[in-house]
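This report is for a reader who is new to the structure. Please look at the sequence and the model first.

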Amino acid sequence: MDAERASGQVLDAAVDDFAQRFRAALEPPAAAGVTLDPAELHARFAEPLPQRGQPLEGILAELEAKSRDGLAGGTGGRYFGYVTGAALPAAAIVEAWTAAVDQNVGMWPLGPAAVELELVTIGWLADLLGYPAESGYFGSGATMANTVALAVARHAFGKRHGVDVMQEGVRALPELAVYGSEELHLSDHKALRTLGLGSGCVRAIPIDERYAMRVDSLCDAIRADRAAGVEPAIVIAQAGSVNTGACDPLAEIADVCSEQDLWLHVDGAFGAFYGLWEPAASLVAGMERADSLAVDAHKWLNVPNGVGFVLLRNAALHREALAGSAAYLTPGAGANLHELGIEASRSWRGACVWAALKQLGREGVAELVSRCCELAQELAALVEESRHLELTAPAPTNVVCFRYRPEGWSDGAELDHLNQRIQAEVSGAGDVFHTGAQLANGFCQRAAIVSWRTASADVHALRHAVVEAGLRLT
């Protein structure tokens, strides 16, 4: 009994310590970028596997100490890199609790409450986005969501051609083509490779001056494939390209897919939310006609990294494409979510999304999306006001591409190299962090705004840092 009491006291002390450290971690980070030397960071962790266990109360303290100055400031308002949301307090707190209760959402008996919550939350998300989903699934991000959606699309294509892909594999399929713009995201290519279709089946459709897929070129490519005996199968359209935030003309593409009997998948990792900001709503008109939609939750919903979801119009096709069981998998009274995805066992990912939606509500999500887009418009205006900066792509949403151009400098390698140095210097200094992008007109500075913490002062700080670095380097 004394040993049990002592063990409880140790656990209480460790939890009290965790609570204090967790509360501190919910504050904005001290810096956006990491300035610590990579070799030093590696050296902190490089040690042999411990032979014996360590005291519970010291493990988190050791991790925090070794990670100090080596954590990206993605939870702050000045992290403009990639497309990175900051974890909302409710989402972070619930994520920590779900780790402790450790539910497996793969099967209903392994997590009944978890399964029911996720089914309800998928319905909330479909309602929020105005998408008529019959089915959905939480994955590790948009890459997994794209993979699940395209697996269902592959299954539907097989059925249309009398092939059971589940049994016969992709080798039994006729030669097929998948269509996406020149801006098609790497995650879509990864999904096609994973599914055995490969990147070689993708037809890269040219984009227009708005970085959107040209529908006339799409139609030309479909006709050319049919004439060559290749079966058109899937169109992947983007709601928010990662480079510029551009959207493909979804309604027009949906018309083509309807006429040609093709599967329409929309990669809407963050742009699926554009419909919540009135000035951008027309950009995603037609998204509701897609057969499938992939979205990241850890971007604009500001939940911890590792959560995305897929929505599908046809629940039967979804289950057919991924269902299966084993002798030991005794079912329960509810749904077995492993039959809707690739993973058999997985964590309770949907709980942090439920928490974010509870904290924000429909109005709060719309306000967050609107504020981020308006901050991007503010940054674009600051760029246009500066004699040192210029926009390199349209900025109608939450992504701004711009560059520093000294007076008299022309496009080319020298200007690209200068802007690459500016991006590296600014991000390496740590106060603000942003990434670059290689566009048709050259290398540019790129800022994506999806964080609930970003404010006007932060976009001013980015503009100032780029100009200051440009002046210093030239």
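The text below goes through the sheet, one of its strands, a helix, the nonpolar cores and the cysteines.

The model is predicted, and local features need pLDDT of at least 70, side-chain atom pairs count only at pLDDT 80 or more, and totals for chains, interfaces and linings use all residues. Residues are numbered from 1 along each chain as its sequence is written, and side-chain values use heavy atoms, with hydrogens and water left out.

**The sheet**

Helices (H or I, at least four residues) and strands (E, at least two) are DSSP runs, numbered from the N terminus. Two strands pair if DSSP finds at least two bridges between them. An open sheet is formed by seven strands in the order 1-7-6-5-4-2-3, with mixed pairing. Strand 1 (135-139) and strand 3 are its edge strands, each pairing on one side only. On average, neighbouring strands of this sheet are turned by 20 degrees against each other, direction ignored. Axes are lines fitted to C-alpha atoms, for helices over the stretch in contact, and angles run from 0 to 180 degrees between N-to-C directions.

| Strands | Sense | Bridges | Residues opposite each other |
|---|---|---|---|
| Strand 2 and strand 4 (residues 231-238) | parallel | five | Tyr 179 and Val 235 |
| Strand 2 and strand 3 (residues 202-205) | parallel | four | Gly 180 and Ala 204 |

From strand 2 the chain passes through helix 8 (residues 186-194) to strand 3, a right-handed β-α-β crossover. Right-handed means that, with the strands pointing away from the viewer, the path from the first strand over the helix to the second runs clockwise.

Buried means under 20% relative accessible area, exposed over 50%, and partly exposed in between (1.4 Å probe, protein chains only). Six of the six residues of strand 2 (residues 176-181) are buried, so this strand is largely enclosed by the rest of the structure. Leu 176, Val 178 and Gly 180 cover one face, and Ala 177, Tyr 179 and Ser 181 the other.

Helix 8 lies across strand 2, strand 3, strand 4 and strand 5, and runs at about 135 degrees to strand 5. Ser 187 is part of helix 8 and is buried, with a relative accessible area of 4%. Contact means heavy atoms within 4.5 Å. Apart from neighbours within four places in sequence, Ser 187 is in contact with Thr 143, Asn 146 and Asp 267.

**Nonpolar cores**

A nonpolar core is a set of buried Ala, Val, Leu, Ile, Met, Phe, Trp, Tyr and Cys residues joined through side-chain atoms within 4.5 Å. The largest one has 96 residues, and Trp 300, Leu 301, Phe 309 and Val 353 have the most contacts inside it. Helix 12 (residues 350-385) gives the most to this core, with 15 residues. A second, separate core of 43 residues includes Ala 233, Ile 236, Ala 294 and Trp 348.

**Cysteines**

How many disulfides does the structure hold? There are zero, a disulfide being a pair of cysteine sulfur atoms within 2.5 Å. For Cys 373 the closest cysteine sulfur, in Cys 372, is 7.0 Å away, too far for a bond. Cys 401 is in no disulfide either, and the nearest cysteine sulfur, that of Cys 444, is 4.0 Å away. Cys 373 is buried at a relative accessible area of 0%, and Cys 401 counts as buried at 1%.
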